[in-house]
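Student: Could we take a close look at one part of this model? I would like to follow a single residue and then see what surrounds it.

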Amino acid sequence: MSNTLLTPTMITDEALMILHQKCNFLSNVHRGYDDRYANSGAKIGNALQIRLPNEFTSATGASLSTQGITENQVTLTLDTQRHVDFAFSSEELTLDIDSFSDRYLKPAMSVLAAHIEEDVMNNVLADVSQGIDGTGSAMTIANALDAMRQLDDFLAPREDRTACLTPQATADLISASSTLFNERREISEQYVEGMIGRVFGFDFYSNATLPSFTSGTAASGATAYLINDANTLDGSSITVDTGSVSFAVGDVITIQGVNAVNQETKADLGFAKQFAVTAAAATGATSISIAPSIVATGAKQNISTATANNATINKAVGTTNSTLRPSVFFQKEAFAFGTADLVMPDGVDFSARRVMDGISMRVIRDYTINDDSFPCRIDVIYGSQTLRNSQAVRVFNN
């Protein structure tokens, strides 16, 4: 009986399935696929537009009080093309798909998945302003419940909530709540690597790729800078009197007298609004870049009151120059990951392009006459963006 050769489509489908299984962060965020590039092929620098939901204010009484609608969208730039490259001969195409997968695709996709998730998490997690400070302590049930409470406070939908924990936080939380987790072999109709279980309204995963960073020189809770003037806010930038400490990208700060609000009623929630530092601020900085942008009035209001001159800016999480590696609790719409179709070249030995769950992948094999080899590459072009800062929480533990 003659052997059945593996086809490019079979290999690409198997590679996509493995990639999906190994990306437990990306598998649980908003995934966008743009088919505009299906014919011409996407390139680095192409962009996807993702529309955000409208926000409104309400009025009382009988009088009509119309309001303008300004639809907001974020631009997700396809800024990274990742690929893994290897070679296989025509003989290998006679293997069954499981054997081929074990020998080639699983190790290749493990590397590709790890680097894609690392790129995306480094890009979006530093934008997350909500932080729970358990620095130097083990992850606890109380930390997880506090993360749930914060997402509830900011009206994150209860469905599609995920927690990605560092390996140490995973061990600590399982030890603290071992009777609460029940093994679940399937999620979204297939097993996803790192799945621990579901509790407190979250699907819990262990993720060894979660990034770390070194915080700035400000001490936890210490006054670092003063607001320079009540009117020198430009949304995502705060003008400050020069101080003697630094902030790193990912540090969490609060502003004296500025509380968080309910996103619909705008009622003061009674606790300090947290902001993430989005650009390194050296000692003596005159401005600090933050996320989310400050909005003091209107439908997008996110603070209880405008900032006051000489209000203190305080570090909310971590100690001086501490190495921090937070876990993240989030709702699916907090982040977006987008891909598009890469160009399909002519005249190659072997090629296919497939889409699965919003991820487009291309596989190409060619023949090199110089050394009689069959080089192969598997590519994904992608970008990532924070969509809703308020729908994610970083939890800082040991």
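What does Glu333 count as in terms of accessibility: buried, partly exposed or exposed? Please go on from there to the salt bridges and the strands beside them.

Tutor: Happy to! This is a predicted model, in which local features need pLDDT of at least 70 and side-chain atom pairs count only at pLDDT 80 or more, while totals for chains, interfaces and linings use all residues. Residues are numbered from 1 along each chain as its sequence is written, and side-chain values use heavy atoms, with hydrogens and water left out.

Glu333 counts as partly exposed because its relative accessibility is 26%; buried means under 20% relative accessible area, exposed over 50%, and partly exposed in between, with a 1.4 Å probe and protein chains only. Its salt-bridge partner is Arg388, with the closest N and O atoms 3.6 Å apart; a salt bridge needs a side-chain nitrogen of Lys or Arg within 4 Å of a carboxyl oxygen of Asp or Glu. Glu333 sits in the loop between β17 and β18 (335-340), and Arg388 in the loop between β21 (375-386) and β22, so the pair ties together parts 55 residues apart in sequence. Arg388 itself, at 19% relative accessibility, counts as buried.

The strands β17 and β22 deserve a look too. β17 (residues 327-331) and β22 (residues 392-396) run antiparallel and are joined by four bridges; strands are DSSP runs of E, at least two residues long, numbered from the N terminus, and two of them pair if DSSP finds at least two bridges between them. Within β22, Val393 is the bridge partner of Phe329. Both strands belong to an open, mixed sheet of six strands, ordered β5-β22-β17-β6-β8-β7. At the edges stand β5 (130-133) and β7 (195-199), each with a single partner strand, so one side of each has no neighbour in the sheet.

Arg365 and Asp349 form one with their closest N and O atoms 2.5 Å apart. Arg365 is in strand β20 (residues 359-365) and Asp349 in the loop between β18 and β19 (350-356), so this pair ties together parts 16 residues apart in sequence. Arg365 counts as buried at 2% relative accessibility, whereas Asp349 is partly exposed at 40%. Asp379 and Arg377 also meet in a salt bridge, at 2.7 Å from N to O. Here Asp379 is buried at 0%, and Arg377 is partly exposed at 30%.
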